[in-house]
Amino acid sequence: ILIALRELLRGRGGKAPQAILMSATADAELFARYLAPGPGGPPVPVLRVPGRTFPVEEHVLEDVLQRTGFRARGKVLERG
């Protein structure tokens, strides 16, 4: 997706989209450098909005199925 977005920006003659929304957990500076038009070009602006962050929890499908009482049979979920 990032490659397609970068190519889209280059094909628009430097005209940027109105807004790009992203996750608070992503590295905004790295993202801005990736989307920059190239060496010597104008930097991509980064707008920071202060707010709260929340911890990210990782869940494995098999554990969720076990906790909820479901089981997978092919592409079908059954309560069992």
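At 55% relative accessibility, Arg 48 counts as exposed. In this predicted model, the side chain of Arg 48 meets that of Glu 29 in a salt bridge, with an N to O distance of 2.7 Å. The pair links distant parts of the chain, since Arg 48 lies in the loop between helix 2 and helix 3 (61-68) whereas Glu 29 belongs to helix 2, and the two are 19 residues apart. Glu 29 has a relative accessibility of 38% and therefore counts as partly exposed.

The protein chain as a whole contains 3 helices and 2 strands, arranged along the sequence in the pattern α-α-α-β-β. Of its 80 residues, 9% count as buried. The chain exposes about 7400 Å², of which carbon and sulfur atoms supply 59%. Among contacts between residues at least 6 apart in sequence, 23% join residues at least 24 apart.

Helix 2 spans residues 28-35, and its buried residues are Ala 28, Phe 31, Ala 32 and Leu 35. These residues cover an arc of only 100° around the axis and so lie on the same side of helix 2. The N-terminal end of helix 2 is capped by Asp 27, a side-chain oxygen of which lies 3.2 Å from the backbone nitrogen of Glu 29.

Strand 1 (residues 70-73) and strand 2 (residues 76-79) run antiparallel and are joined by 4 bridges. The hairpin formed by strand 1 and strand 2 has 2 residues between the strands, and Gly 74 takes a positive phi near 70° in this hairpin. Within the strand pairing, Arg 71 has Glu 78 in strand 2 as its bridge partner.

The side chains of Arg 71 and Glu 78 also form a salt bridge, in which the closest N and O atoms are 3.8 Å apart. Glu 78 forms a further salt bridge with Arg 73, where the closest N and O atoms are 2.9 Å apart. Arg 71, Arg 73 and Glu 78 are accordingly linked in a network of salt bridges. Relative accessibility is 29% for Glu 78, which counts as partly exposed, and 40% for Arg 71, which likewise counts as partly exposed. Over the whole structure, the search finds 3 salt bridges. In general, side chains of opposite charge can pair when their charged atoms come close.

Key
Residues numbered from 1 in each chain as written. Heavy atoms only, no water. Buried < 20%, exposed > 50% of the residue type's maximum accessible area, 1.4 Å probe, protein only. Contact = heavy atoms within 4.5 Å. Areas by Shrake-Rupley, 256 points an atom, 1.4 Å probe, with all protein chains shown as cover. Pairing = 2+ DSSP bridges. Arc of directions from axis to C-beta. Polar contact = N/O pair within 3.5 Å; in protein donor to acceptor, adjacent residues only side chain to side chain. Salt bridge = Lys/Arg side-chain N within 4 Å of Asp/Glu carboxyl O.
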